[in-house]
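Thanks for coming, everyone. I'd like to walk you through one structure today, so let me put it on the screen.

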Amino acid sequence: MEPLDEVEEGELELPAEPMHLNMGPSHPATHGTVRIVLELSGETILKSDVQVGYLHRGFEKMCERGTWAQVFPYVDRLNYVSPMLNNVGYALAVEKMCGLVVPDRCQWYRMALGELARISDHLTCDGAMAMELGAFTPFLWFIKAREMVWDILEEETGARMTHSFGRIGGMASPPTPDFKAQCRAALPTIVELVEEGEKMLLKNRIFLDRLENVAPISGKDATHLGWTGPCLRAAGVAYDIRKSHPYLKYDEVDFDVPVGTNGDTLDRFLVRLAEIRQSRRIIEQSLDRMADDGPVNCDDPRVLLPNKLDVYTTIEATIQHFKLIMEGAKVPKGECYSYTEGGNGELGYYIVSDGSGTPYRIRIRPPCFQIVGGLSKLLEGRMLSDIVPTFGSLNMIGGECDH
Amino acid sequence: MSQLVLDALKARFGTAILETHSDYGDDTAIIEPTRWKAVCQFLHDEPSMDFDMPVDLAGVDYPGRLPRMEVVMHLYSVSRGHRIRLKARVGDEDMEDAVLDSVTSIWSGMNWLEREVFDMSGVRFRGHPDLRRILMYPEFVGHPLQRTYPAQRTQPLVAYRTEQEAGMPIEKLRPFGVDEGMPFGRNGLPRATDVKED
C-alpha cells in the first residue's frame, strides 16, 4: 500500500456532503434550552439555525389576565438571574404612565439593588462561561461572590431569586437598617473574589486562545442586529442607557462605560468584568446618598395599598384596599414605551392601557432575543468548538428570550 | 425629543402619515401600510435620521376595530440618540389581508422580530427570507396573542393520559377557567366569556 502522503489530494475520496448535527435542546453547555441545527463540513460550520422557544410560557398572554400589580411575579421570571432589574424596569414603565415619581430615597434604593442584581448577572455569565471551557475553580469563586450578593438581596426582600419586590410607586418594604453596612462589607470581598478569578483566567493561555478573535462582530453589524448591553459595548459602541438616557438618579452618579475593541468573545467577557467594578462604584455612591429615613413609597392612594393598621380599623382604608386588590390600580388610557438597562442590555416595556385595572397589552423587549438572533451569523465559518464560548458570552437567558 | 423626525416624515410622505402623537414623550407616527418599507428605508438611509437600531416589533390586537391588528415598531439611532415609534394597521376581522412588507433587508435584526410577530399575532411579512414560527412549535394552530385566542386553550403535542390508560385516578388541576383570575376592573372589552370555546 502506498504511503498516504504520495496520494494527490484530489484523489482521496472523502465524503463531500455536509454533515447535519443537532445541538440541544438540552445540551449541558447551553444554559438555556436552545437547539442549534448545524451544517458542518468537517469541523467548520457552514450554516446554523438557532431555534428558541423551548421555554415559552406565554408571559404576554398571562399579563392580560391579571391586574397591573400582578405582573411583578411574571417579570421576575423573565431574567431570573437579575430579577430586580426587571422589577424596577416594569415599575418605571407603569409609573411613567401614571405620572408618578418615587421619592429620592426609593430611587437610590432601586439603583443600589439593581446594580447588585447586575453584578450577580455578570458573575453568573462569566463564571458559567469559564466553567464550560473547563475552568471550574473560577466558576466556584464567582458563584461564591454571587452568593454574597444574594445574601444581601435575601435579607432585603426575603427571597434569593424571584423577589417580586417592586411595586407601582415604590418598593415592597423600606431598606433594612443593616442594608448599608452589609453592602459595604460585602462589596470589597466580591471584587476581591472577582480579581482572583480573573487572575486565574486571564493568564491562562488555553482560556485566552479559545476566546481571542473568536466570533468577532463589528459595531455596525451589532447595531443593525439590535444588540444592546455588554455585547454591543464589546463591539465598541458606547451605548449604555444609564448614560445615554439616564433614569432614576444615574445622571448624578459617577461611573464609566467600559467598551471593547474587536467585539470578540474575549471582549464580551472583559466588558462584563469591568462592569462589575463600575456597578460597585454606583452602589457605593448610592449608599452614601440614600437617606436613612424618610418615605420610600409615593403618597398616592390610587396605586398603593393603605397602611395595614388603617385597613383593620377604618372603613375608607378597607374599601381602598379591597378595590386595589379586586379591581387593580387604574392606569390612564394610552401607550408608552419605557426602557432601562437590564443585565443583558435594553430591557423595554411597551405597555398599552385601556384605562382599566388590567393591562390591555404588555410587550416586553427582552435584550436576549435579538442577541441570540445574531448567533447564527456569528457562527458561520467558525469551528464546532467555538460554539460553546460564543454562546456563553452572549448570556442567553431562556426565560427572557422565549418570553 | 424627536419632533424633528415626525416633521421630516410628514414633509416627505405627506398623506401616507395618517396620524402622529407624542404621548408620554414617545413620538409616534401611524403609517399607511403600503408605504411601510419606504418609510423604514428613508429613516435608515437619510443621514439626519440615521435610525440604525431596530429596537422592537410587536403586534397589538383590537378585535373591535378595522383594520384589526396594529404592528408597532420602535427604532433608535445610536448616533443621534433619538427614538421613534412607527405603527401600521392591517388585517380585517379574520386577519385575511394582514400583510406588511418585510424590512429584514434594511435591518438584519428584524428577521427574528418579524418571525415573532408572525408567530404570535399572525401578521405575514412579504419578502421575509424565512417566515417560520419561532416561539411556538410548527404544529401549533392559531396565533396566541390575538385576543380572540382563548387563554385557557391547550394544544399538547402528545395527548394527555386518561385515567383508563394510567389505570389509576389522576388528580390533576384543571386549566384556568374562562374567567378565573380575572379582576373585576375590565370594562368595555370583550371578556373572556364572550370568546367562543372550541
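Let's begin with how H4(A) passes H11(A): the crossing is left-handed, a term used when the near helix is turned anticlockwise from the far one by less than a right angle, with right-handed used if clockwise. A word on what you're seeing: this is a predicted model, so local features need pLDDT of at least 70 and side-chain atom pairs count only at pLDDT 80 or more, while totals for chains, interfaces and linings use all residues. Residues are numbered from 1 along each chain as its sequence is written, and chains are lettered from A and ligands numbered from 1 in the order in which they are written. Helices (H or I, at least four residues) and strands (E, at least two) are DSSP runs, numbered from the N terminus.

Back to our pair. Helix H4 covers residues 104-132 of chain A and helix H11 covers residues 265-289 of chain A; their axes are 9 Å apart and the packing angle is about 160°. Axes here are lines fitted to C-alpha atoms, for helices over the stretch in contact, and angles run from 0 to 180 degrees between N-to-C directions. H4(A) and H11(A) are therefore roughly antiparallel to each other; the cut-offs are under 35 degrees for roughly parallel, over 145 for roughly antiparallel, 65 to 115 for roughly perpendicular, and oblique for the rest.

Which residues make this contact? On H4(A) they include A:Trp108, A:Met111 and A:Ile119, and on H11(A) they include A:Phe269, A:Leu273 and A:Ile276. Contact means that the C-beta atoms of two residues, placed from the backbone, lie within 7 Å. The residues of this H4(A) and H11(A) contact divide into 14 nonpolar, 3 polar and 6 charged. For those classes, Ala, Val, Leu, Ile, Met, Phe, Trp, Tyr, Cys and Pro count as nonpolar, Asp, Glu, Lys and Arg as charged, and the others, Gly among them, as polar.

Staying on H4 of chain A, please find A:Asp121, which lies in that helix. Is A:Asp121 buried or exposed? A:Asp121 is buried, since 30 other C-beta atoms lie within 10 Å. The rule is 20 or more other C-beta atoms within 10 Å of a residue's own for buried, 12 or fewer for exposed, and partly exposed in between, with C-beta atoms placed from the backbone. Not counting residues up to four places away in sequence, A:Asp121 touches A:Val81, A:Ser82 and A:Gly343.

Two loop residues in chain A deserve a look too. Most residues other than glycine have a negative phi, and most peptide bonds are trans. A:Ala215, though, has a positive phi near 50°; A:Ala215 sits in the loop between helix H7 (205-211) and helix H8 (219-224) of chain A. A:Ala215 counts as buried, with 24 C-beta neighbours inside 10 Å. A:Leu248 also has a positive phi, about 45°, and is found in the loop between helix H10 (241-244) and H11 of chain A. With 21 C-beta neighbours inside 10 Å, A:Leu248 is buried as well.

Now over to chain B and its sheet. Five strands make an open sheet here, a sheet of 5 strands in the order E1-E2-E5-E4-E3 (chain B), with mixed pairing; two strands pair if DSSP finds at least two bridges between them. E1 and E3 of chain B are at the edges with a single partner strand each, so one side of each has no neighbour in the sheet. Helix H1 (residues 3-13) of chain B packs on this sheet, touching E1, E2 and strand E5 (83-90) of chain B, and its direction makes about 165° with that of E1(B).

E3(B) and E4(B) run antiparallel and are joined by 8 bridges, and B:Pro54 has B:Leu75 as its bridge partner in E4(B). In the loop between E3 and E4 of chain B you'll find B:Pro67; the peptide bond from B:Leu66 to B:Pro67 is cis, with omega near -15°.

Finally, how many residues of chain B are in contact with chain A? There are 35, and they meet 41 residues of chain A. Strand E3 (53-61), strand E4 (69-76) and helix H3 (110-121) of chain B each supply at least two residues of that side, and E3(B) gives the most, with 6 residues. The side of chain B that touches chain A divides into 20 nonpolar, 9 polar and 6 charged residues. Thanks, and happy to take questions!
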